[in-house]
2 protein chains.
Amino acid sequence: MAERRELAIGIDLGGTKILAALITKDGDILSNLEVETLAAKGPDVVYQQVVSSVHKLIRESQVNKNRLLGIGIAAAGVINMQNKEVIFANNTGWRNMPIGELLESEFELPVHLVNDANAAAIAERIWGAGKGAENLVYITVSTGIGAGIISDGRLITGEGDSAGEFGHISIDVNGSKCGCGNRGCLENLASGTAIAKTAKEKLRNGEYSEFFTETDSPSAEEIGKASLKGDTFSQKLLKETATYLGVGVTNMVHILNTGVIVFGGGVMNLSDILLPEIKKTVNQRGIPSMVDRVNIVKSELGMNAGVLGAVGYYFEESGDKVLASTEK
Amino acid sequence: MAERRELAIGIDLGGTKILAALITKDGDILSNLEVETLAAKGPDVVYQQVVSSVHKLIRESQVNKNRLLGIGIAAAGVINMQNKEVIFANNTGWRNMPIGELLESEFELPVHLVNDANAAAIAERIWGAGKGAENLVYITVSTGIGAGIISDGRLITGEGDSAGEFGHISIDVNGSKCGCGNRGCLENLASGTAIAKTAKEKLRNGEYSEFFTETDSPSAEEIGKASLKGDTFSQKLLKETATYLGVGVTNMVHILNTGVIVFGGGVMNLSDILLPEIKKTVNQRGIPSMVDRVNIVKSELGMNAGVLGAVGYYFEESGDKVLASTEK
């Protein structure tokens, strides 16, 4: 007699590494591993790495294949959720990649595909910092800025499954031009890339730092460390960053009347510095009746948000309705 | 034998007038009327006027009461949809007004309450300029700016039923302070009030107009008329206004991946001037794959959007699912 099917495989496809995990319906990670993405070797090699990661996970975990319900995969880029295709992704070089179909025939299991920020939103909603929240936005701040939106217990996908391009809202109509064509984009002002770029510019312009010279090009992480050690230059820069993020969050709250904002991504390793300033800005700028309902928190799932969200989305799409609330 | 119940009453409660209409499930308005709101006489009189409008509508239309399914009411302000209460509304002076309960006992009919911008979004989605759109945003530009959002065929309400505060997104982080506490709010830059205020300031500062002197205080409507007659001053001002609106729309599109944007409200009587410039800005600033899916149009239902949307929401909440798509 076959064991009860209850497990799914979650894959988080990043530009540097692929995370794969065997996950229960309760969000318990039974087994996980990572393999290199090898993006530089081209899109076909990336696909082979994804396949290898799943084979390896099944082999190493010694799971009975009968227990596997399906596979959820989270990936960056423009995605067609219905067709399970990655239309366009910079980090893997994939173009019109029918990853769902390919994995389905490779593993004879149903597959669902979701954008990585959406996956993180789903995971934090079901098992993380936003447990039980009907209205949640997950915001990732790393080299870029993106978001996954859950409204009234449902993932907001939009017309082309691209909702949540939070990094490209303009908060400075006359600001500097962004690669996307817009001006004053949040990503240009407050991402990890922006922090490093602004630091370099300010140092070149002769602004004094106790830690950096005018020829230095510190990373966001280094700015964070210097800030903790008392560097006024770095502290001021991160305060500006947090203000921009707070203005962006206020816009999001005003549009969506969000309940929980979960911050994740590499730059949020500086959350002890950034979050208090973000909250302060939101409180100063937001409509009180809306701000009163907002809880701004740090991701609880961290690195696992992608694989968990991929599986959460898989269960949701398979009719388990893990995402939707039971009652409102 | 009673006739088949198939009609609902829609009420659009404004600060100046109350519109009431008898509407079929197909969105046909069989009969309608308006009465004065008499807001200056206090909240109780406003309630009496609402009641009168319904009595009068039933009387004048000679409808058999058995055919009435219920009442939908659209109102501005902060609303609790579940409890059918107007928590706070400036235009009527209502505070914690249990309008749903009151009308239910007055007319012995079920009542549903919806925010006026949300009502307009629903109406345009079912019967108007956004027919069939799964992802639609209705934007009203009049003395203020607000929005109603439909995503994947569902109204976005948010944590406190206040989603769509589009007028209070900041597009200028260092801009002038808004009454809401934020800076650089869209409403402060592009509403009818903002057009009039900016015109006055520019004229006082000595900017030359062919139509206005430096002591004039033209309204948005007058600026529109002067613009059509060739006044460069007015044309330039409206172009600026449209650019701001375009930046706001781009933000909305990037967050929600919207398909249809429907513009309504008094200032949109100038849509021939404003819409082309709004579209131009969105095309210049938006992410191409997202902008390609956006259709920016003028409201088709105009003054009737409120009563129609109130009834559309009534049907939706009563389980008729007029709003949701049949299939995706």
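In this predicted model, 42 residues of chain B are in contact with 42 residues of chain A, two residues being in contact if their C-beta atoms, placed from the backbone, lie within 7 Å. Three helices of chain B, α7 (232-256), α8 (271-285) and α9 (288-291), each supply at least two residues of the side that touches chain A. The most comes from α7(B), with eight residues. Helices (H or I, at least four residues) and strands (E, at least two) are DSSP runs, numbered from the N terminus. By class, the residues on this side of chain B are 15 nonpolar, 20 polar and seven charged. Here Ala, Val, Leu, Ile, Met, Phe, Trp, Tyr, Cys and Pro count as nonpolar, Asp, Glu, Lys and Arg as charged, and the others, Gly among them, as polar.

Local features need pLDDT of at least 70 and side-chain atom pairs count only at pLDDT 80 or more, whereas totals for chains, interfaces and linings use all residues. Residues are numbered from 1 along each chain as its sequence is written, and chains are lettered from A and ligands numbered from 1 in the order in which they are written.

Two copies of a chain are related by a rotation about an axis and a shift along it.

Helix α6 (residues 220-228) of chain B packs against α7(B) at an angle of about 120°, with the axes 7 Å apart. Axes are lines fitted to C-alpha atoms, for helices over the stretch in contact, and angles run from 0 to 180 degrees between N-to-C directions. The angle makes α6(B) oblique to α7(B); angles under 35 degrees count as roughly parallel, over 145 as roughly antiparallel, 65 to 115 as roughly perpendicular and the rest as oblique. From α6(B), the contact is made by I223(B), G224(B), A226(B) and S227(B), and from α7(B) by S234(B), Q235(B), L237(B) and L238(B). These residues divide into four nonpolar, four polar and no charged.

Next come the sheets. Strands pair if DSSP finds at least two bridges between them. Five strands of chain B form an open sheet in the order β11-β10-β9-β12-β13, with mixed pairing. Its edges are β11 (154-155) and β13 (295-298) of chain B, each with a single partner strand, so one side of each is left without a neighbour in the sheet. Strands β9 (residues 136-141) and β12 (residues 260-264) of chain B pair in the parallel sense over five bridges, and T140(B) has G264(B) as its bridge partner in β12(B). On this sheet packs α7(B), touching β9, β10 (145-151), β12 and β13 of chain B, with its direction at about 155° to that of β9(B).

Another open sheet of chain B has three strands in the order β5-β6-β7, with antiparallel pairing. The twist averages 20° from one strand to the next. Three bridges join β5(B) to strand β6 (residues 85-88) of chain B, with I79(B) partnered by V86(B).

In chain A, strands β2 (residues 17-24) and β3 (residues 29-36) run antiparallel and are joined by seven bridges. They form a hairpin with four residues between them, and G27(A) in the turn has a positive phi of about 85°.
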